[in-house]
Amino acid sequence: MPDLNCTYRPPPVKCNGAFRWAQTMRLAVEEINQSAELLPNYTLGYKIFDSCGYPLTGQRAALAVLNGLSEDDSPTCSGASPLLAVIGESGSAQSMVVSRILQPFRIPMVKAIAQLLVRFNFTWVGLVRGDHEYGRFAVQGLLRELQGTKVCVAYQEIIPMLYNRQRTLEILQVMRSSTAKVVVVFSSEGELTPFLSDYMTQNITGIQWVASEALITASVFTASEYYPYLGGTIGFGIRKGKISGLSDYLQTVNPQMYLNNTLVKELWEALYGCDPSLSSGSPLPSCSGQESLLEQHSAYMNTSSPRVAYNVYKAVYAFAHSLHNLLLCQPGSGPFQYNSCAQSNNIYPWQLQHYLQEVTFNIAGEEVNFDLNGDSISYYDILNWQRGMGGNIEYVNVGLFDGTKPAGEELLIQEDRITWAGHQSEASCSHCVFAFIHQMPAFKIL
């Protein structure tokens with residue numbers, strides 16, 4: 001995070017990592033524009049902004065798209081934007097900032113986490129979160145979900161957004177001395193990376209981590225040195241899916257096709273360690289830009305189980321199907337005042353949202369629909385961090401949270417497949433022997 005001390009203009013934020021998601025959005029748009037059945041005779045347009053993983057940059061992009069799709073500095077607004085929908089953000093912290101501008105935000109995952117804690121009788125837990133809106137609202141939501149249950153919260157700690165070793169050591173001391181050995185974490189890998197480095201240096205073990213989607217698929221923590229400290233972590237990840245044409249589409253990218261595209265240039269620099277622009281000032285050796293994308297470039301080319309990319313793909317198709325249904329409206333039978341329809345040449349976002357709340361379609365064998373709040377029906381893979389063949393951490397799918405099931409029946413777990421902290425095959429009860437503490441009002445979730 002850049003130093004925002006308000007005494008000088010901060011340098012540009014360094015961006016990386018989201019190019020594949022942007023390409024997934026482009027693929028979906030191109031498929032729809034070439035379809036003879038979905039939105040025939042209409043062409044979708046788009047503009048992609050990169051938040052660089054920072055909430056403030058995401059906020060700037062959201063304001064830009066509401067003001068004519070431009071990020072140019074201007075003392076006044078240029079006018080209303082022609083856009084009908086915004087797809088994003090990929091991260092929860094950024095999503096909360098963007099959604100505050102566009103609409104209310106909810107975190108349905110906290111319901112799944114609360115049910116997991118109850119299911120395994122984790123009655124004495126600690127909460128650790130990042131210092132941002134996602135962490136704050138996630139903890140507030142979890143506490144609401146835990147009301148009336150037997151789950152008690154031993155402590156709540158906040159990881160600073162800017163690394164502070166003294167504060168980190170204070171948090172670690174709380175974790176070490178607490179009798180609560182289950183810790184629920186709402187944090188992204190950014191602030192958690194230096195925190196966990198100190199956690200490992202302090203040689204703290206025996207903690208059963210419960211993670212949200214912001215952490216559970218973070219590849220940075222899969223190296224073998226993390227397993228003694230993070231092995232057994234369990235949490236909820238965005239449900240993976242299959243995008244049949246994505247692999248071939250990603251392979252079409254090269255700097256020769258996308259001249260002057262900074263993202264493609266940065267991709268080549270990351271994959272090959274060379275500069276395809278033939279810039280004389282580059283510290284990297286030059287290359288042709290026609291090198292072949294290979295399977296070993298897994299960070300970019302691995303499309304075997306996309307999660308965020310799959311959500312991007314579904315979101316574009318949800319928008320397209322909703323717009324298609326809106327355009328089929330017959331005057332006199334519409335859903336708006338006096339049974340009117342939206343005007344095809346002057347559609348308002350709220351009119352499209354009406355159809356989005358009612359849309360139902362199938363993609364890759366999955367039915368996609370939304371509830372009355374406009375939220376997609378919650379589906380999460382339950383992932384467990386287990387030791388792989390090479391000693392590294394692998395994500396093992398051990399169940400599903402199915403939001404279509406009746407209340408209390410959403411969790412579908414294969415308990416015999418779970419490896420818990422300490423490489424145990426059963427959940428330790430070291431965290432639930434303190435049930436008598438429920439009588440202490442200071443800790444009871446009322």
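Reader: Are C274 and C287 buried or exposed?
Author: This is a predicted model. Buried means under 20% relative accessible area. C274 falls in that class, and so does C287. The answer for C274 and C287 is: buried.

Reader: How many disulfides are there?
Author: The rule asks for a pair of cysteine sulfur atoms within 2.5 Å. C329 and C341 form another, with sulfur atoms 1.9 Å apart. The count comes to two.

Reader: What is the handedness of the link of C274 and C287?
Author: The angle about the S-S bond is 75 degrees, and the link is right-handed.

Reader: How many residues apart in sequence are the parts that C274 and C287 tie together?
Author: C274 lies in the loop between α11 (262-272) and α12 (298-301). C287 also lies in the loop between α11 and α12, so the pair ties together parts whose separation in sequence is 13 residues.

Reader: Why is the disulfide of C329 and C341 left-handed?
Author: Look at the torsion about the S-S bond of C329 and C341. The disulfide is left-handed because that torsion is about -70 degrees.

Reader: Where does C341 lie?
Author: C329 and C341 are linked by a disulfide. They are twelve residues apart, and C329 is in the loop between α13 (308-327) and α14 (349-358). C341 is in the loop between α13 and α14.

Reader: Does C329 count as buried or exposed?
Author: The cut-off for buried is under 20% relative accessible area. C329 has 16% relative accessibility, so C329 counts as buried.

Reader: What is the relative accessible area of C152?
Author: C152 is another cysteine to check. C152 is buried. Its relative accessible area is 0%.

Reader: Which residues is D131 in contact with, leaving aside its neighbours within four places in sequence?
Author: D131 sits in the loop between β1 (124-130) and α5 (133-145). At 40% relative accessibility, D131 is partly exposed. Beyond those neighbours, the contacts of D131 are I158, I159, P160 and M161.

Reader: How far apart in space are D131 and F186, C-alpha to C-alpha?
Author: In sequence, D131 and F186 are 55 residues apart. In space, the C-alpha to C-alpha distance between D131 and F186 is 9.6 Å.

Reader: What share of the residues in the protein chain is buried?
Author: The secondary structure comes to 14 helices and ten strands. The protein chain has 446 residues. Its buried share is 45%.

Conventions. Residues numbered from 1 in each chain as written. Predicted model: local features only at pLDDT ≥ 70, side-chain atom pairs only at ≥ 80, totals over all residues. Heavy atoms only, no water. Helix = DSSP H or I, 4+ residues; strand = E, 2+ residues; numbered from the N terminus. Buried < 20%, exposed > 50% of the residue type's maximum accessible area, 1.4 Å probe, protein only. Contact = heavy atoms within 4.5 Å.
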